[in-house]
Amino acid sequence: MKGTSTERTEGQRPDGEPGASQGAASAVSLTQEAAEKIRNLLEEDGRTDLKLRVYVTGGGCSGFQYNFAFDEKVEEDDLTFETEKVAVVVDARSLSFLAGAQIGYEEDLGGARFVVVNPNAASTCSCGSSFSTCSKSEE
């Protein structure tokens, strides 16, 4: 990925307290391209108050899949990370799968998409929207 994150804060709960055992290594960050695309989408909709919620659900070809949504709420078990002046919200369960991940944005002949570089993923499907955390031999 081209861009790198230049501004990162430690995870914080809605009450402003740091999340348990959260630090820079567990932060979910955005590349400059992803942050710029998100800011542009929010500005187009006139909703610059929204945060990007990133979460993991079961499914997809590899076992887990990445999900993205814009959200105005921050729940009690959420952690918020700020990168490139964009707030990213991750619930505690999803953070165990996403700690240290970086979200990028790519445009090419195949289309435009957000991509996740996840150090916790042992394998991903060919389109990159789902992942597993252990190889078949470890299951």
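Predicted model: local features only at pLDDT ≥ 70, side-chain atom pairs only at ≥ 80, totals over all residues.
Let me start with a term: pLDDT is the predictor's confidence in each residue, from 0 to 100. A contact, the other term I need at once, means heavy atoms within 4.5 Å.

Residues are numbered from 1 along each chain as its sequence is written, and side-chain values use heavy atoms, with hydrogens and water left out.

Confidence, then. The protein chain has an average pLDDT of 77, and 67% of its residues score at least 70. Over residues 135–139 pLDDT stays under 50, and the model has 2 contacts beyond four places in sequence for that stretch. Residues 17–22 also stay under 50; there the model has 12 contacts beyond four places in sequence.

Now the sheet. Helices (H or I, at least four residues) and strands (E, at least two) are DSSP runs, numbered from the N terminus. Two strands pair if DSSP finds at least two bridges between them.

In what order do the strands of the open sheet lie? The order is β1-β6-β7, 3 strands with mixed pairing. The edge strands are β1, residues 29–30, and β7, residues 111–117, each pairing on one side only.

Take β1 and β6. These two run parallel, with 2 bridges, and L30 has I103 in β6 as its bridge partner.

On to β6, residues 102–108, and β7. Their pairing is antiparallel, over 7 bridges, and a hairpin of 2 residues joins the two strands. Along this pair, Q102 is opposite V117 in β7, I103 is opposite V116, and E107 has A112 as its bridge partner.

Helix α1, residues 32–45, packs on the sheet and touches β1, β6 and β7. Its direction makes about 80 degrees with that of β6. Here axes are lines fitted to C-alpha atoms, for helices over the stretch in contact, and angles run from 0 to 180 degrees between N-to-C directions.
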